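The following paragraphs lead the reader through a protein structure. Please keep the sequence and the model in view while reading.

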Amino acid sequence: MRVTLGGVNRRDTALAALVAALWGFNFVVIDWGMGSVPPLVFAAIRFTVVAVPACFLVPRPPVPFRTVAAVGAFMSLGQFGFLYLSMHLGMPPGLAALILQAQVPLTIVIAAAVLREPPSRAQAGGVALGVLGLVVVALGLGGHVTAAALALCLLAGLSWAIGNVVSRAARAPGGLALTVWSATVAPVPLLGLSLLTDGPAAVGHGFAHLGWHGVLSTVYTAGLCSLVGYAIFNRLLSRYPSGQVVPWVLLAPVVAMASAWALLGEAPGPAELAGAVLLVTGVLIAQGAPRSQFRPRAAYKAAAALRNWGPVRDNWGRMRRLIGD
């Protein structure tokens with residue numbers, strides 16, 4: 001078997017990149033399909049489609065149900081419940097895609113503490129560079145969000161990170177079974193939260209006005225992002241340490257920006273492009289790309305070109321200390 005980046009074979013490397021692409025495009029599809037449907041109702045519909053009727057066709061994974069429920073509670077219910085509540089309070093979709101990637105360093109830190117899987121120097125350095133890229137892109141997007149929306153989005157990232165570690169610890173064979181059965185715990189609580197935050201009238205209106213946009217969006221988010229994406233992701237987590245899998249998700253915001261540019265006309269600025277380069281470079285380093293491919297001074301010079309640009313200029317001193325001389 002030929003091995004490529006970080007001890008991950010070529011097929012699994014391609015699958016990890018595919019998952020990042022599916023999840024990055026996910027934000028544009030959600031924005032396109034949601035319409036007048038309350039976000040938590042939309043999420044409840046998504047996980048209902050994931051779980052039913054698949055749970056009657058796919059055998060339950062050979063792990064305790066409390067483990068399956070924990071994966072669903074953190075990776076599905078917690079992540080998307082907090083995420084959609086954050087967006088409900090005004091968190092822009094593009095910025096949400098970025099902040100959610102806090103799950104990458106959080107997963108590696110939690111896995112190191114709980115599973116005794118300390119990251120290598122390359123993984124730690126690559127993730128740090130990727131996080132710096134997220135900071136640069138977030139500064140480029142600008143905008144104002146409430147503290148509550150920001151806190152909820154960070155909680156979504158933390159919930160996802162815990163779910164990743166639980167999934168890794170379970171080592172359940174076959175990612176599809178774990179994805180399907182863990183989704184069964186999400187729909188009812190999400191619907192209940194929507195009734196509390198949006199009200200019965202809004203929930204009823206959302207179901208009545210789902211529309212064909214909502215149906216196609218649900219097919220994508222439930223079929224490709226959840227059933228295919230999380231099935232592959234959970235399978236990879238069962239085979240490789242967390243530090244070799246989760247950094248790939250840092251590519252999702254790059255795909256989100258590119259798809260928003262192509263389909264919504266949201267052209268990225270210089271900081272977004274620089275951040276995307278840092279993200280991709282960070283993933284390559286985390287996955288064991290040769291040291292010669294990483295040029296810290298080149299990254300420094302690329303960031304230096306932006307030092308007189310708006311919010312990046314205001315944070316230049318902090319960025320310079322993070323990048324290093």
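Two residues are said to be in contact, or to touch, when they have heavy atoms within 4.5 Å of each other. The structure is a predicted model, in which local features need pLDDT of at least 70 and side-chain atom pairs count only at pLDDT 80 or more, while totals for chains, interfaces and linings use all residues. Residues are numbered from 1 along each chain as its sequence is written, and side-chain values use heavy atoms, with hydrogens and water left out.

The description begins with the protein as a whole. The secondary structure consists of 18 helices and 0 strands; these elements are DSSP runs (H or I with at least four residues for helices, E with at least two for strands), numbered from the N terminus. Of the 325 residues, 52% count as buried. Here buried means under 20% relative accessible area, exposed means over 50%, and partly exposed covers the range in between, with a 1.4 Å probe and protein chains only. The protein exposes about 14,300 Å², and carbon and sulfur atoms supply 69% of this area; accessible areas come from the Shrake-Rupley method with a 1.4 Å probe, and for residues only the protein chains shown count as cover. Among contacts between residues at least 6 apart in sequence, 87% join residues at least 24 apart.

Individual residues illustrate such pairings along the chain. Gly-78 is found in helix H4 and counts as buried because its relative accessibility is 11%. Apart from residues up to four places away in sequence, Gly-78 touches Ala-73, Ala-156 and Ser-159. Gly-78 and Leu-190 are 112 residues apart along the chain, and their C-alpha atoms are separated by 9.3 Å.

Ala-177 has its place in helix H9. With a relative accessible area of 11%, Ala-177 is therefore buried. When residues up to four places away in sequence are not counted, Ala-177 touches Val-58, Pro-59 and Pro-61. Between Ala-177 and Leu-227 there are 9.3 Å in space, C-alpha to C-alpha, although the two are 50 residues apart in sequence.

Val-37 lies in a loop, between helix H1 (10-34) and H2. This residue, too, is buried, and its relative accessible area is 2%. Beyond its neighbours within four places in sequence, Val-37 is in contact with Phe-42, Gly-206, His-209 and Leu-210. Val-37 and Gly-214 are 177 residues apart in sequence, yet 8.2 Å apart in space from C-alpha to C-alpha.

How are two packed helices described? The description uses the angle between their axes and the distance between the axes. Helix H4 (residues 65-88) and helix H9 (residues 175-182) pack at an angle of about 75 degrees, and their axes are 8 Å apart. H4 is therefore roughly perpendicular to H9. The contact involves Phe-65, Val-68, Val-71 and Gly-72 of H4, together with Leu-178, Trp-181 and Ser-182 of H9. By class, the residues of this contact are 5 nonpolar, 2 polar and no charged. The axes are lines fitted to C-alpha atoms, for helices over the stretch in contact, and angles run from 0 to 180 degrees between N-to-C directions. Angles of 65 to 115 degrees count as roughly perpendicular, those under 35 as roughly parallel, those over 145 as roughly antiparallel, and the rest as oblique. In the residue classes, Ala, Val, Leu, Ile, Met, Phe, Trp, Tyr, Cys and Pro count as nonpolar, Asp, Glu, Lys and Arg as charged, and the others, Gly among them, as polar.

The backbone also deserves attention in several loops. Pro-53 is placed in the loop between helix H2 (39-51) and helix H3 (54-57), and the peptide bond from Val-52 to Pro-53 is cis, with omega near 5 degrees. Arg-116 lies in the loop between helix H6 (103-114) and helix H7 (121-141). Its phi is near 55 degrees, a positive value in a residue other than glycine, and Arg-116 counts as exposed because its relative accessibility is 64%. Arg-171, in the loop between helix H8 (147-170) and H9, has a positive phi of about 50 degrees although it is not a glycine. Arg-171 is partly exposed, with a relative accessible area of 47%.

Which residues with 0% relative accessibility are found among them? Cys-153 counts as buried at 0% relative accessibility, and Cys-225 is buried with a relative accessible area of 0%. A disulfide is a pair of cysteine sulfur atoms within 2.5 Å, and by this rule the count comes to 0 disulfides.
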